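Have a look at it alongside me.

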Amino acid sequence: MQDPDYIGSAVFIHTAETEHLVERLRQHKSKPSITPLSFDSLVADGQEQLADVDHVVVSGPLEIIKSVFKLSMDRGFSVGIVPTENQKNLMRFYDLPKSVDTAIDLALGADPMTMDLVLCNDHIVMFKATIGQMPLLDAAPDVSKIHILWTALRQIFSIRLDRTQFTTAGGKRLMTAASGCMILHHPKGSMAARMISGDSPVADGSVSTVVSAPISVIEYLKFLFQLLFPATEDRRLPSAVGYLKTQSIDISPNTEVDVYIDGTPKTRTPLN
């Protein structure tokens, strides 16, 4: 009899490095029916093997996980992830277990969590997308104050502002001078994310965008001081930082620049 807490069957998409997990999936206490499918075969066969599939488990590089997410948007199946041991950010950002067996148990669960997918020029964002210069805001939230100070002093005279237009889902346009901006999919992983951590759920249908706009050296130094010595009773954003939350956003700087998605240059502005 099938355990109601777990799915009864799943397709397991893997690479050569993660194929060994097939038997561990099959040996799970719920005894699921697991159909292994290499990602190379999936690409070669035009995805026909995913017809009428309700649940997919995937283990492999981040780009393969993103490809499976995009397929799930079209075909409607749920997705479970078994992270590899070197995917520390994936575990940390999405609270995935480090233990393989615990991750398998979660990936085979019958009650998957709803999660929004953020796309930038048709590229899935798992963590963040960065445009232009994000002085200090792109730093890890647990970085030392000495590192923040040293980074700030190195960047202080290299920041350049560019006239940038932001267009929200309602058609409202905002034109401002900005050094850069960051689209956040998850309230972890950077100073910018920490600043809005109380207002960035992963399933509210909105896109969170943090804008860096230090209009002078004085404003930049004030921003630096607020990062080094945050006031616990004052949760307002620094004046050098803007925050937009909307169902969709188009970003068009005057100068065409690279867009880094999850740390890799994937596309260029304008962004929609």
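I began with the unit in which E3, helix H3 (residues 62–75) and E4 make a right-handed β-α-β arrangement. Right-handed here means that, with the strands pointing away from the viewer, the path from the first strand over the helix to the second runs clockwise. Helices (H or I, at least four residues) and strands (E, at least two) are DSSP runs, numbered from the N terminus.

A note on ground rules: this is a predicted model, where local features need pLDDT of at least 70, side-chain atom pairs count only at pLDDT 80 or more, and totals for chains, interfaces and linings use all residues. Residues are numbered from 1 along each chain as its sequence is written, and side-chain values use heavy atoms, with hydrogens and water left out.

Next I looked up the neighbours of E3. Strand E1 (residues 9–14) runs parallel to E3 and is joined to it by 4 bridges; two strands pair if DSSP finds at least two bridges between them. Ile 13 has Val 58 of E3 as its bridge partner. E3 is also joined to strand E4 (residues 78–81), in parallel, by 4 bridges, and there Val 56 stands opposite Val 79.

How many residues of E3 are buried? I found 5 of 5 in this strand (residues 55–59), with buried meaning under 20% relative accessible area, exposed over 50%, and partly exposed in between (1.4 Å probe, protein chains only). In a regular strand the side chains alternate between the two faces of the sheet. In E3 both faces are covered, with His 55, Val 57 and Ser 59 on one side and Val 56 and Val 58 on the other.

Then I turned to charges. My search of the whole structure gave 8 salt bridges, each a side-chain nitrogen of Lys or Arg within 4 Å of a carboxyl oxygen of Asp or Glu. One of them joins Lys 66 and Glu 63, with the closest N and O atoms 3.7 Å apart. These two are 3 residues apart in helix H3, so about one helical turn separates them. Lys 66 counts as buried because its relative accessibility is 6%, while Glu 63, at 39%, counts as partly exposed.

Last, I checked Arg 268. Its salt bridge with Glu 256 has the closest N and O atoms 2.6 Å apart. Asp 258 forms a salt bridge with Arg 268 too, at 2.6 Å. That pair links strand E14 to strand E15, 10 residues apart.
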